[in-house]
Amino acid sequence: MSTDRLAGETPPGQEAAPGTAEAQTPDDATAPGAAAAPGNDATVNEGAAEAPGAEAETPGSGAETRGPGSGAEAGAPAAGSASGAPAPGPESGAVAAGAEADAAAPGAEAEALAVGSEPEAPAPGAESGAPAPGPESGAAAAGAEAETSAPGAEAGAPAPAAAEAKTPPPAAAKESPASGAAKATADALAAAVRAVESGERSAASFFNDAPRPAKPAAPAAQPAKAAPPGGPTGPAPEVTRQRTAQETGGPARPGAPDGGRATGPAAAPAATGPAPAPRPAVAAAPGVEGVRQVLAAGGAPETLAEQAAEVLGERAAEALSEDPWLLLGVPGVRPEQADGFARALLGPACGPGDERRAQALVGWLLEQAALAGHSALEAAALRAALAQRAVPDPDDALQSAIADGAVLVFQDAIDEPGRPRPATGDDEEEEQPVRILLGLDRFAMAEESVADGLARLLNTFEAVAEPAQDTASAEPGDTTADAEPTADDGAAAEEAEESTAAATPVTDSQTDHETATATHTDDVPVPRPVRPSTAAWEAAAAAAPSPSAAELIRAAAHSGLVAHTGAEAARAEPAALIAAARSLGLRAFGATHTENGRRRLAAHLTESAPDAAATGSADPATAAVTVSGLLSGREGPGRDADGALALDLLVVLDAPQLDLETAALLVESLTDGTRLVLSGDPGVLWSAGPGRLFADLLAARFCPQVASRTPDFGPIGELVSGIGIGELSQVEAPGKEVVIVPVRDAGEAVHRTVQLVADSVPRALGVPADHTQVITVGHGGAAGTRALNAALKERLNPGPGRFGGFDPGDRVAYAPAPGRTVPGTVTGADAAGLHLDCDGSAVVVPREQVGAGAVRHGWALTAHQAAGTRWPAAVVVLPGDATGGLTRAWVYTAFSRGERHLSVVQGADQALARAVAEVPVKERTTRLRSLLQQSVQTTEEPPAAG
């Protein structure tokens, strides 16, 4: 591996010093009120705060965030609005306007709730500064970058003019039998959770025994609440029933029992003493205009009105007046900002112990955990996060959330290495340790849908056909005349229905290569699926291009679900399977995460069937599609009359990039008996959205697994293979395939990166600048994507940015949906929007989306944005102030993006080797592995006697 020999520049001659001026020490991410280091621009990754200057991505977020500067005030009012009012208190912070409002990295709350997180997750619009469901982004108003700080920082208050129009704190709801019963149930659930965690009770008793009365809580040091202990929790405003799970990330709260105007729970006073006089309510107009009035009264930017109305429904104005913390449901709003908004509306009666605030924080924290990749959180972690947010009684907040149905409770078995699996049928089974998880219903349903769907594909799979015997002598009513062996009785019953009339004998060749037709009693012919014989599959395996491909073909022949692992060279094996299945008459397709991946798969398919054009067969490249195109119907076979995808075999490449909700939609679209093969490299970063589907599937050992034995060749392949097993070693690179460029600080890293892209790589290797991709740890900082893109634009395509900051010829990254990044080039702009060329397809991005940050400059990307795509050359930038965001998975993903050349701008010193050896990946809390294992155990359990 050569060092600084590619460009012929003068080598600096020294290693980057970890203690340079660019290196900073982040604040303690777990300390209450912790904030990102000054000037950090750090975004969240899987719930963990990134090192200063890194601004790691937040999964599922299109927004970028920035840590507050030292002493910076939080929550500046919207541009153009009145400002200068005194800060209402440490918890305040009016919502700041700005297309790219930056906030403190959520390490303060997310690290407490995240078991672990991926240091770098992309974002829908990972480059976008728009307020997407990103956790740390500011409000969505375009025009300015506002900064917010963690709780405890001085915060900007709304204009004094808004002080006269306030909403009085609603009175406590009267206790009813129904609400009292719900409260008692919630108390019992919370007590049971604590008892299980402490070992006082068994896990099974939590779900099987009748709930016991909750133990009285110890008196809190905080001021007493207005409501008596054990009193009912007031229902949330009825308008919250308008919020769907998709909009809010959780179940809608119940409305008022009588269907009339609902009142929120009593606000907990900040201190004991006489209650403050209620403030006059805001007389809000109906619709969006009313929402604007309420937002203005609370000092929040009116540009949030449309989003708030969409999230909260028709009665959004009334709901916000009664429960200002509902503003947390608007993407991009942070708790400090919602606190400032609530204090402006409610006055002194508003405090951190307000039950409405606690309920809103429960949902918000679970949403942030989902953006960090978690589908659920441990109860203890969620309680700690609530306490960190100054909620005086976290247990009470969880009780109310459970009673309202906003949070679901789960039991998850804990695997202990070396622990023997309990034998089924024992009279006294040793109880397995469990943990209690809490989660939002939409992610719970997605995980359960995936687990059920995968089990369905396994259980409904029909074994390959054997040669039919004595078909000529079959009687008209014989249901076995043309039936092949099946995996269950349901398939046999289906065969019986199809053969109610005299069946035409089916020869072996018809069974192997044609679609037989059964006749229903109404004489309507129904095509039967092609079912190649064992001999046909074995012949296809024998003709496979490699032993690993042959093994994969045999596995797919005998199972409805197969997991295939391998690196880049192993992608030829799924292509061989698709080509073999299509040659047997099956409708087989391969789906990839990106368009670049689709083209690479199409090239492999063409190589696997070189004689297709000569024989008049369909172009094999048409079998390569993208997951998004397949689900939308733009690509692939389309759907049948029942709405299922019209295919017999689906191979999903880049399986680690599948998030839970996309996977659930995909599995639900497959009909019974369809073969599904999930293929991918287990070493790359996980999905942008919540979950780790591929890793959980492999860990559960739920289905046959085929590990490729085809290595990646060349110096880059050798280097990446070593990283995959935790070893960072030097490799021989005689053709300058791998070059290390040491730098001292972030400024030098930017300079050398521009020099490599614009001059050295094109001159030495003949790879043009537009075919070289820069990859860095995060968006912010002195060597983040924004700084690198600004420097690269100035060198490669200078211009005034006439079209929303873009000029024709600019390389961009377009985020059409959360978790997807499409590279493109600007070709022009008009009234319709910004015109892009994305992988040969013309795309027009509306002006509103451009202003919201859906398009960003794309000379430099993060590793998660680059996942699923490869370029002829890659330049990976590792500044010394971003080492906290490095993991083995990040390094593996970034270093494997270059096909012919890899340059590493190395300022991380020994932190790079430590990350590869000691930090494989930051874990995510999910339930899918347990669900799959439970499904296997249920299947293996013998039927009860008698």
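Reader: At what angle do helix 9 and helix 11 (residues 394-404) pack?

Author: In this predicted model, the axes of helix 9 and helix 11 are 9 Å apart. Angles from 65 to 115 degrees count as roughly perpendicular, and that makes helix 9 roughly perpendicular to helix 11. The packing angle is about 70°.

Reader: How many nonpolar, polar and charged residues does the contact of helix 9 with helix 11 have?

Author: Helix 9 contributes Glu-355, Ala-358, Gln-359 and Val-362, while helix 11 brings Asp-396, Ala-397, Leu-398, Ser-400, Ala-401 and Asp-404. Sorted by class, the contact of helix 9 with helix 11 has five nonpolar, two polar and three charged residues.

Reader: Why are helix 9 and helix 10 described as oblique to each other?

Author: The axes of helix 9 (residues 355-371) and helix 10 (residues 379-388) come within 10 Å of each other, and they cross at roughly 125°. Roughly perpendicular covers 65 to 115 degrees, and roughly antiparallel needs an angle over 145. The two helices, helix 9 and helix 10, are therefore oblique.

Reader: Which residues of helix 10 make the contact with helix 9?

Author: Helix 9 passes helix 10 in a right-handed crossing. On the side of helix 9, the contact is made by Ala-358, Leu-361, Val-362, Leu-365 and Leu-366. By class, the contact of helix 9 with helix 10 has eight nonpolar, no polar and no charged residues. The residues of helix 10 are Leu-382, Ala-385 and Leu-386.

Reader: How is helix 5 oriented to helix 8, parallel or perpendicular?

Author: The axes of helix 5 (residues 287-297) and helix 8 (residues 335-346) come within 8 Å and cross at roughly 90°. That makes the orientation of helix 5 to helix 8 roughly perpendicular.

Reader: Which residues of helix 8 take part in the contact with helix 5?

Author: From helix 5, the contact draws on Val-294, Leu-295 and Ala-297. The residues of the contact of helix 5 with helix 8 divide into six nonpolar, no polar and no charged. Those from helix 8 are Phe-341, Ala-344 and Leu-345.

Reader: Over the ring of which residue does the charged end of Arg-927 sit?

Author: The charged end of Arg-582 sits over the ring of Phe-589, 5.4 Å from its centre. For Arg-927, the charged end lies 3.7 Å from the centre of the ring it sits over, and that ring belongs to Phe-410.

Technical notes: Residues are numbered from 1 along each chain as its sequence is written. This is a predicted model: local features need pLDDT of at least 70, side-chain atom pairs count only at pLDDT 80 or more; totals for chains, interfaces and linings use all residues. Side-chain values use heavy atoms; hydrogens and water are left out. A charge sits over a ring if NZ of Lys or CZ of Arg is within 6 Å of the ring centre and within 35 degrees of the ring normal. Axes are lines fitted to C-alpha atoms, for helices over the stretch in contact, and angles run from 0 to 180 degrees between N-to-C directions. Helices (H or I, at least four residues) and strands (E, at least two) are DSSP runs, numbered from the N terminus. Angles under 35 degrees count as roughly parallel, over 145 as roughly antiparallel, 65 to 115 as roughly perpendicular and the rest as oblique. Contact means heavy atoms within 4.5 Å. Ala, Val, Leu, Ile, Met, Phe, Trp, Tyr, Cys and Pro count as nonpolar, Asp, Glu, Lys and Arg as charged, and the others, Gly among them, as polar. A crossing is left-handed if the near helix is turned anticlockwise from the far one by less than a right angle, and right-handed if clockwise.
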